Amino acid sequence: PEEREDLMNKVNQYDIKDVAKNKEKAKFWLDFLESELTNGKVDLSQALDNEDYEQASKLKETNSAIEKEILELKEEMKKWDG
């Protein structure tokens, strides 16, 4: 969990336009973000099942932010694919 948090902090610090220039780096970040989104959806489902609505709200915000990052990264990757 600590490693995931550290990596998520790095996500917030990377430059999408810079990452998208390098296919390998872009694919790594895209795979990572998609994995985090999948995990976040599972966590959200569990929070809702446990009626932990405060946690569910936080997870929903985080998942939305990750979805936005994925879309932005994909758009930038299209620009570099030509």
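**Overall fold**

The model is predicted. The protein has 4 helices and 0 strands. Read from the N terminus, the order of elements is α-α-α-α. The protein has 82 residues, and 30% of them count as buried.

**Aromatic cluster**

Which residues make up the aromatic cluster? Phe28, Trp29 and Phe32 form one cluster. A pair of aromatic rings is described by the distance of the centres and the angle of the planes. The count comes to 2 aromatic pairs. Both are listed here.

| Aromatic pair | Centre to centre | Angle between planes | Geometry |
|---|---|---|---|
| Phenylalanine 28 and tryptophan 29 | 5.4 Å | 75° | edge-to-face |
| Tryptophan 29 and phenylalanine 32 | 5.7 Å | 85° | edge-to-face |

Tryptophan 29 takes part in the pair with phenylalanine 28 and in the pair with phenylalanine 32. The angle of 75° makes the pair of phenylalanine 28 and tryptophan 29 edge-to-face, because planes over 60 degrees apart count as such.

Tryptophan 29 and phenylalanine 32 both sit in helix α3, which spans residues 23–49. They are 3 residues apart, about one turn of the helix.

How well covered are these side chains? Tryptophan 29 has a relative accessible area of 10%, so this residue is buried, the cut-off being under 20%. Phenylalanine 32 is buried too, like tryptophan 29. Phenylalanine 28 has 45% relative accessibility, so it counts as partly exposed.

**Negative patch**

Which residues form the negative surface patch? They are Glu2, Glu3, Glu5 and Asp6. One of them, glutamate 3, lies in helix α1, which covers residues 2–11. Is glutamate 3 buried or exposed? Its relative accessible area is 70%, so glutamate 3 is exposed. The cut-off for exposed is over 50%.

**A positive phi in a loop**

Most residues other than glycine have a negative phi. Glutamate 51 is not a glycine, yet its phi is positive, at about 55°. Where is glutamate 51 placed? The residue is in the loop between α3 and α4, the latter spanning 53–81. With a relative accessible area of 56%, glutamate 51 is exposed.

**In brief**

Helix α3 carries tryptophan 29 and phenylalanine 32, and both are buried. Glutamate 3 in helix α1 belongs to the negative patch.

Key
Residues numbered from 1 in each chain as written. Predicted model: local features only at pLDDT ≥ 70, side-chain atom pairs only at ≥ 80, totals over all residues. Heavy atoms only, no water. Patch = residues over 30% accessible without salt bridge, like charges linked within 9 Å, V, L, I, M, F, W, Y side chains within 5 Å. Areas by Shrake-Rupley, 256 points an atom, 1.4 Å probe, with all protein chains shown as cover. Salt bridge = Lys/Arg side-chain N within 4 Å of Asp/Glu carboxyl O. Lys, Arg positive; Asp, Glu negative; His and termini not counted. Charge placed at Lys NZ, Arg CZ, Asp CG, Glu CD. Helix = DSSP H or I, 4+ residues; strand = E, 2+ residues; numbered from the N terminus. Buried < 20%, exposed > 50% of the residue type's maximum accessible area, 1.4 Å probe, protein only. Phe/Tyr/Trp six-rings, centres within 6.5 Å; stacked < 30°, edge-to-face > 60°.
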